[in-house]
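Please read it alongside the sequence and the model.

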Amino acid sequence: MYSGKTTELLNFAEIYEIGRKNILLFKPRIDERYSKEHIVTHKLFKVDAIPVNSADGILAHYENFKGKVDGVFVDEVHFFETNICTIVRQITQYGTDVYCAGLDMNYLWEPFETTALLLAMADEVIKKKAVCEICGEYKATLSFKKKSNGNIFDVGGKEKYIAVCKECYSKLQK
Ligand SMILES: Nc1ncnc2c1ncn2[C@@H]1O[C@H](COP(=O)(O)OP(=O)(O)O)[C@@H](O)[C@H]1O
Ligand SMILES: Cc1cn([C@H]2C[C@H](O)[C@@H](COP(=O)(O)O)O2)c(=O)[nH]c1=O
């Protein structure tokens, strides 16, 4: 969390917009942290997006679009079920570029399955780091949940999670 994934996703989307390409942006409907119908960065930069309940919603909007879609952008992919992989492949085969942003690992330091599968399929992967909220070093690759409750899928921000490096995560666990 806080590593700039959404910022990076929106930067890619902007490149398509500048080039007057047709793009569709999606977010999981459960992510209502900042807005229901925008993808929003933690610096509060926001762009219109279509909230969907599942990956099927992405395909439905894609197929209903009149004209060619040049790029599809999906934020918070870890919240989607693994069938998003089939849909991403299908959309790619139609000739559309697909960009996904999401967490690779949950707060238990385990992979999110959907992200892991998408990583395997991707032509290009960008792994990002945040500043560790404990030691202040720019090497945070994990999220520590302040009150561990067993919920792997749990929308939230700094009230629930902090970005930490591996060393600080291990110390916090003790
Ligand atoms: N611990 C942190 N490390 C880095 N950036 C942070 C941290 N906490 C807050 N931020 C802010 O979060 C922004 C990144 O937001 P965003 O792109 O939405 O990240 P992500 O999608 O990875 O959660 C940074 O530009 C910075 O302003
Ligand atoms: C670690 C972890 C996070 N989540 C949730 C919390 C947020 O709603 C998103 C991550 O958002 P960000 O853009 O990366 O800040 O995912 C979760 O559900 N389970 C987890 O283990």
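The C-alpha centres of domain 1 and domain 2 lie 23 Å apart. The domain assignment of the protein chain, which is automatic or taken from a database, places domain 1 at 5–128 and domain 2 at 129–173. In the contact (heavy atoms within 4.5 Å), 13 residues come from domain 1 and 20 residues from domain 2.

This is a predicted model, in which local features need pLDDT of at least 70 and side-chain atom pairs count only at pLDDT 80 or more, while totals for chains, interfaces and linings use all residues. Residues are numbered from 1 along each chain as its sequence is written, chains are lettered from A and ligands numbered from 1 in the order in which they are written, and side-chain values use heavy atoms, with hydrogens and water left out.

**The interface**

Between them, domain 1 and domain 2 bury about 1400 Å², and 67% of this is on carbon and sulfur atoms. Buried area here is the accessible area (1.4 Å probe) that two parts lose on being put together, summed over both. On the domain 1 side, Tyr 107, Trp 109 and Lys 128 supply 53% of the area buried against domain 2, more than any other three residues.

**Salt bridges**

Side chains of opposite charge can pair when their charged atoms come close. The structure holds 9 salt bridges, including the two tabulated here.

| Pair | Closest N and O atoms |
|---|---|
| Arg 33 and Asp 31 | 3.5 Å |
| Glu 167 and Lys 139 | 3.7 Å |

Accessibility is classed as buried (under 20% relative accessible area), exposed (over 50%) or partly exposed (in between), with a 1.4 Å probe and protein chains only.

**Cysteines**

How many disulfides does the rule count? The count comes to 0, a disulfide being a pair of cysteine sulfur atoms within 2.5 Å. The closest cysteine sulfur to that of Cys 135 belongs to Cys 132 and is 3.6 Å away, so the two are too far apart for a bond. Cys 135 is partly exposed, with 34% relative accessibility. Cys 168 is also in no disulfide, and its nearest cysteine sulfur, that of Cys 165, is 3.6 Å away. At 7% relative accessibility, Cys 168 is buried.

Terms used:
A salt bridge is a side-chain nitrogen of Lys or Arg within 4 Å of a carboxyl oxygen of Asp or Glu.
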